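Me: Can you walk me through this protein? Keep it short, please.
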Amino acid sequence: MFQGAIALSLDAKGRLAIPARHRDALVPDGAPLVITAHPHRCLLIYPQAAWEPISQKIAAMPGLDKATAALKRLLVGFAQAETPDAAGRVLVAPSLRQWAQLDKQVWLVGQGSHFELWSDAGWQQQLEAMQHIDSDALPLGFESLAL
């Protein structure tokens, strides 16, 4: 399970160093991981085995609906399989860095089955938005969650 938020830096070549504590789960036995775009202008990072069933479901959706086709183009069209180098770094493709507006400082945010990768500015906007969530209008399912 991937959890927590950590500030990291992309190197000059656009590579992200995967934290050592997550490498074995994210890239088991040296398998590639998959990085793709998310509509919220962040990136998603999945172990390849976890991404494959999601990709198959997306590919099976009808392509004549404009919104469905656009999401397929975004999620599958941007998907890149990357294998970390010996130092545990993966290249984040220029097209993905542009989509998520990534600069040197980035945030790796655990989401259970995968990570989100945010620009520093994008993550700060998310933190600001979290402070303004109306506790009287929680999304379905969260109203009965005991913390």
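Reply: Start with a term: buried means under 20% relative accessible area, exposed over 50%, and partly exposed in between, with a 1.4 Å probe and protein chains only. Strands (E, at least two residues) and helices (H or I, at least four) are DSSP runs, numbered from the N terminus. The model is predicted: local features need pLDDT of at least 70, side-chain atom pairs count only at pLDDT 80 or more, and totals for chains, interfaces and linings use all residues. Residues are numbered from 1 along each chain as its sequence is written, and side-chain values use heavy atoms, without hydrogens or water.

Me: OK. How many residues of S4 are buried?
Reply: Five of its five, so to speak: S4 is mostly covered.

Me: Which residues sit on each side of S4?
Reply: Leu 43, Ile 45 and Pro 47 are on one side. Leu 44 and Tyr 46 are on the other. In a regular strand, side chains alternate between the two faces of the sheet.

Me: Which way do S3 and S4 run?
Reply: Antiparallel, with five bridges joining them. Two strands pair if DSSP finds at least two bridges between them. Ile 35 stands opposite Ile 45 in S4. S3 and S4 form a hairpin with five residues between them. Arg 41, in the turn, has a positive phi of about 70 degrees.

Me: And what joins S4 to S8?
Reply: Three bridges, and these strands also run antiparallel. Leu 44 has Glu 116 in S8 as its bridge partner.

Me: New topic. How many residues are in the largest nonpolar core?
Reply: It has 24 residues. A nonpolar core is a set of buried Ala, Val, Leu, Ile, Met, Phe, Trp, Tyr and Cys residues joined through side-chain atoms within 4.5 Å. Leu 16, Leu 43, Ile 45, Val 92 and Leu 117 have the most contacts inside the largest core. S3 gives the largest share of this core, three residues.

Me: What does Leu 117 touch?
Reply: Leaving aside neighbours within four places in sequence, its contacts (heavy atoms within 4.5 Å) include Leu 16, Cys 42, Val 92 and Trp 107.

Me: Is Ala 49 buried or exposed?
Reply: Ala 49 counts as exposed because its relative accessibility is 62%. Ala 49 lies in helix H2, residues 48-60.

Me: How far is Ala 49 from Ala 31?
Reply: They are 18 residues apart in sequence and 8.6 Å apart in space, C-alpha to C-alpha.
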